[in-house]
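Dear colleague,

I am passing on the structure below, together with some notes on what was found in it. Please read the notes with the coordinates open beside you.

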Amino acid sequence: MIMKFAGCILAFLLFVGAARAQVLFVLTSAGQIGTATNEMTFDGSFINTGSTNVYLNDIQCVLYPPESNALLADTNAFFANVPGILLPGETYTDVVFGITLGAVAPPGDYYGTVTIFGGTNIFAASNLAGASFQVSLPDSVGDGIPDWWRQLYFGGDGSSTNNQSCATCDADATGQDNEFKYVVGLNPTNSASIFAFTITNGLPPALLFGPVSAGRAVTPQFSDELSSGAWEELTSPITTQTNGSQFVISDPDPSPSQRFYRIQISFP
């Protein structure tokens with residue numbers, strides 16, 4: 001679902017101390033939709049409504065839910081663009097901060113708050129003002145693949161699909177469809193970008209598999225009888241920390257004469 005933010009301007013004027021009372025902070029676009037550029041900038045305005053200088057010394061972004069790594073805050077824009085001092089009556093209007101897509105960015109709505117710190121001198125750290133913002137990563141097709149990912153690899157705006165970009169399509173003829181490559185973190189248009197899984201014949205047998213991108217939950221599983229449909233965890237889920245992660249997992253108890261293995265990969 002694509003959320004519309006027309007007319008949605010959030011402004012917070014927080015009154016704690018003289019400096020705080022004289023700073024008006026407005027996010028001119030408090031909601032954005034993620035795109036294949038993987039970067040979004042939030043513009044805003046700071047207005048010094050008082051009669052003395054105000055120092056804008058620091059910025060803090062808090063993202064929700066906090067356990068999600070779908071979004072990453074980029075505060076470099078604040079220090080590169082926002083003036084350190086606002087004179088009485090002065091207004092700054094431009095980029096305030098940026099948000100980039102993290103290692104895992106599944107469809108959904110994500111939220112955050114931005115807080116500005118400063119005061120009457122360069123050492124001040126009072127809470128001057130804050131605002132809330134939202135980033136939406138829509139799945140317009142409804143197949144579990146976000147628009148930004150489809151846009152990145154197949155062009156357009158990602159809101160529609162075809163016989164190359166659909167979830168079950170195998171655009172690079174590797175035998176691994178687009179949905180699988182999205183979850184694992186592979187390039188669906190590059191036949192060299194492929195997940196490999198090998199089982200050694202030694203004792204104990206070892207499972208060699210990869211690559212898997214960062215931020216995925218990887219769970220090796222086994223079954224001694226396929227007809228039962230039951231699979232057990234060979235190890236606890238492993239959360240990948242880097243892109244291109246490769247794994248070598250040994251079976252600690254390969255006692256049955258016949259055992260089957262599979263790898264479950266998902267978003268945490």
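In these notes, buried means under 20% relative accessible area, exposed means over 50%, and partly exposed lies in between, with a 1.4 Å probe and protein chains only. By that scale V62 counts as partly exposed, because its relative accessibility is 31%. The model is predicted, so that local features need pLDDT of at least 70 and side-chain atom pairs count only at pLDDT 80 or more, while totals for chains, interfaces and linings use all residues. Residues are numbered from 1 along each chain as its sequence is written, and side-chain values use heavy atoms, with hydrogens and water left out.

V62 belongs to strand 5, residues 54–64 (strands are DSSP runs of E, at least two residues, numbered from the N terminus). Together with Y64 and Y111, V62 forms a nonpolar surface patch with about 260 Å² of accessible area (a patch takes residues with over 30% relative accessible area and no salt bridge, nonpolar side chains being joined within 5 Å; a salt bridge is a Lys or Arg side-chain nitrogen within 4 Å of an Asp or Glu carboxyl oxygen; areas come from the Shrake-Rupley method with a 1.4 Å probe).

Elsewhere, an open sheet of three strands runs in the order 11-12-16 with antiparallel pairing, where pairing requires at least two DSSP bridges between two strands. Strand 11 and strand 16 (245–250) are the edge strands, each pairing on one side only. Strand 11 (residues 196–199) and strand 12 (residues 206–212) are joined by four bridges, and they form a hairpin with six residues between them.

Best regards

Definitions and conventions
Patches are made of residues with over 30% relative accessible area and no salt bridge: like charges are joined within 9 Å, nonpolar side chains (Val, Leu, Ile, Met, Phe, Trp, Tyr) within 5 Å.
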